[in-house]
Amino acid sequence: MIKFFLMVNKQGQTRLSKYYEHVDINKHTLLETEVVKRCLSLSNEQCSFIEYKDFKLIHRQYAALFIVVGVDDTETEMAIYEFIHNSVEVLDEYFSRVSMCHYTWLIFVFLVEMAFHRLARLFLNS
């Protein structure tokens, strides 16, 4: 089962996060800090699958963006690795059609909500 989905930039700032089980808000920050630090410290030649506490981390880098998915032991790493790629493809296809000349906060919030919606549809259909 997928526990969380994170999109993080190279500076370690979370750009998008979605948790699929309840995690206290104070633990969100600590968890994201530890997970991001661990994933960003790896080189490109190192494995993209990491054992961390009671779950596995699967991460993949796309330019300056890192996608990190936390799963339990029942998930297959390669299936989640492919899920990450498919997620990026879906978001890229959708957002490439959206004009980026609008910089209002409302449109930004809408785009984030649409990203969550697209990821949820992809997750439920897989």
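**Close-up views of a predicted model**

**View 1. F5 and its neighbours.** Leaving aside residues up to four places away in sequence, F5 touches L16, S17, K18, Y20, I67, V68, V69, F83, S87 and L119; contact here means heavy atoms within 4.5 Å. This is a predicted model, in which local features need pLDDT of at least 70 and side-chain atom pairs count only at pLDDT 80 or more, while totals for chains, interfaces and linings use all residues. Residues are numbered from 1 along each chain as its sequence is written, and side-chain values use heavy atoms, with hydrogens and water left out.

**View 2. The nonpolar cores.** F5 is also one of the residues with the most contacts inside the largest nonpolar core, alongside I2, M7, I67, V69, V71 and I80. Helix α2 supplies the largest share, five residues. A second, separate core of 13 residues includes F4, V8, I50 and F55. A nonpolar core is a set of buried Ala, Val, Leu, Ile, Met, Phe, Trp, Tyr and Cys residues joined through side-chain atoms within 4.5 Å. In soluble globular proteins, nonpolar side chains tend to be buried together.

**View 3. The whole chain, for orientation.** Three helices and five strands make up the secondary structure of the protein chain, and from the N terminus the order is β-β-α-β-β-β-α-α. Helices (H or I, at least four residues) and strands (E, at least two) are DSSP runs, numbered from the N terminus. Of the 126 residues, 35% are buried; buried means under 20% relative accessible area, exposed over 50%, and partly exposed in between (1.4 Å probe, protein chains only). Among contacts between residues at least 6 apart in sequence, 48% join residues at least 24 apart.

**View 4. N9 and L40 in touch.** N9 sits in strand β1 and counts as buried because its relative accessibility is 9%. Beyond residues up to four places away in sequence, N9 touches R15, L40, A64, L65 and F66. A polar atom of the N9 side chain lies 3.1 Å from the backbone nitrogen of Q11. What does L40 touch, not counting residues up to four places away in sequence? The list is N9, K10, G12 and F66. L40 belongs to helix α1 and is partly exposed, with a relative accessible area of 27%. L40 and K10 are 30 residues apart in sequence, yet their C-alpha atoms are 7.3 Å apart in space.

**View 5. The second largest pocket and K53.** About 250 Å³ of space lies in this pocket. Its lining has 13 residues, with V23, K27, L31, K53 and F55 nearest the centre. The elements giving two or more residues to the lining are β1 (2–9) and α1 (25–40), and α1 gives the most, with four. Which kinds of residue form the lining? Seven are nonpolar, none is polar and six are charged. On a 1 Å grid over the protein atoms alone, a pocket is an open set of points where a 1.4 Å probe fits, with protein on both sides within 12 Å along at least five of seven lines; lining residues have an atom within 4 Å of a point. K53 lies in the loop between β3 (49–52) and β4 (55–62) and counts as exposed because its relative accessibility is 66%. Its phi is near 50°, a positive value in a residue other than glycine.

Technical notes
Grid points are joined across faces, edges and corners, and a volume is the space filled by probe spheres set on the points. Ala, Val, Leu, Ile, Met, Phe, Trp, Tyr, Cys and Pro count as nonpolar, Asp, Glu, Lys and Arg as charged, and the others, Gly among them, as polar. A polar contact is a pair of N or O atoms within 3.5 Å; within protein, one must be able to donate a hydrogen and the other to accept it, and residues adjacent in sequence count only if both atoms are side-chain atoms.
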